[in-house]
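I opened this model to see how the chain is put together. My notes follow in the order I looked things up.

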Amino acid sequence: MENCQKIGNSALGNQKGREFRPIMKIMDPNRTIMGTAPSLNATQTIKPVQCPVCKTFNPIGVMFCVDCGLIFDRALDGDAFGAPTVLLPVLVDEAGREFRLQPGENVVGRAGDVALDDGRVSRRHALVVLSDGAVAVCDLGSTNGTKARGEAVSGEMVPVSDGDELSFGGKIMRLSLPGEAGKTSVGVSGRTAALDSAPTLAVPVGFLVDDLASFPFFKGENTIGRKKDNAICVPDAFVSGFHAVLRVGDDWVLEDLGSTNGTFVDGEKIESPTTVDARSALKFGDRTFRIDLAE
């Protein structure tokens, strides 16, 4: 016993000056337990907000759609993921590119809601208003004017319909209303009507050819530039985003669109629309093309 007490006293003596920590602690079940605060480094799952109109996925916390501008606190009731898509009218250029019109006022111009990178178009060229399914257009004092169905448009609103041709300073576009252009032709009997002739593919008039590539061009307007939206996309650093346009009809007319490095025909820089033919050498930036006619 004495030995046990000595050992015990010796063990307790070694604990002098140290904090006594019990081996087990009985937790009070009624006591609130503080957890660890969330870490900024922890991965968190955030569900994006999908617009019920245009179906664009938006960042969490935004009050309106970053694409179509729909204000979410006025959005449609119900599950946005199951809401039907609302089709909006579009302006379609001669290259087939679509420019969506939003409800209300749409400014058309080089610095407008409908942005047209074309030297003939003013910064704020025209106004297209979409209201209750109807579309109207007016000019905003542009330099080269606005036309609807071939008639000049002034500062007063002019109603336009599906398929109408609109000209913004010579930039030709067509209005396409939702559901109209894509409808299948159906006869009164309920059967699909027969076409007068089989559909055909567009046939190129010729090709712009250099040592690196060959680009087909077609009847109508052929935009040329570095951006992929062009009919002829030339991936070269010296070529501007929208560099020039080649209009093919009874005559072939080449026009520079305010490019940085200029457009040249047979070594001469052009300052205005210039007629070209199959013998012309066309230079855009640092690349020179010859013309090969289609067989």
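**Sheet.** I started with an open sheet of six strands, in the order β4-β3-β13-β12-β9-β10. Its pairing is antiparallel. I keep in mind that this is a predicted model.

I then checked the edges. β4 (98-100) and β10 (151-153) stand there. Each has a single partner strand, so one side of each is left without a neighbour in the sheet.

**One pairing up close.** I picked strand β3 (residues 90-93) and strand β13 (residues 171-176). They run antiparallel, joined by four bridges. Which residue is the bridge partner of D93 in β13? I found M173.

**Largest core.** Next I went to the nonpolar residues. The largest nonpolar core has 20 residues. L91, L116 and F168 have the most contacts inside it. Which strands supply at least two residues each? I noted β7 (126-131), β8 (134-139), β12 (165-168) and β13. β7 gives the most, with three residues.

Leaving out residues up to four places away in sequence, I listed what F168 touches: L91, V108, L116, V121, H125, A126, V137, G145, T146 and M173. In soluble globular proteins, nonpolar side chains tend to be buried together.

**Cysteines.** I looked for disulfides and counted zero. Is C138 buried or exposed? C138 is buried, since its relative accessible area is 5%. C233 counts as partly exposed, at 25% relative accessibility.

**Whole chain.** The chain has one helix and 24 strands. Of its 295 residues, 34% are buried. I took contacts between residues at least 6 apart in sequence, and 34% of these join residues at least 24 apart. The accessible surface of the chain comes to about 19700 Å². Carbon and sulfur atoms hold 53% of that surface.

Conventions:
Residues are numbered from 1 along each chain as its sequence is written. This is a predicted model: local features need pLDDT of at least 70, side-chain atom pairs count only at pLDDT 80 or more; totals for chains, interfaces and linings use all residues. Side-chain values use heavy atoms; hydrogens and water are left out. Two strands pair if DSSP finds at least two bridges between them. A nonpolar core is a set of buried Ala, Val, Leu, Ile, Met, Phe, Trp, Tyr and Cys residues joined through side-chain atoms within 4.5 Å. Buried means under 20% relative accessible area, exposed over 50%, partly exposed in between (1.4 Å probe, protein chains only). Contact means heavy atoms within 4.5 Å. Accessible areas come from the Shrake-Rupley method with a 1.4 Å probe; for residues, only the protein chains shown count as cover. A disulfide is a pair of cysteine sulfur atoms within 2.5 Å.
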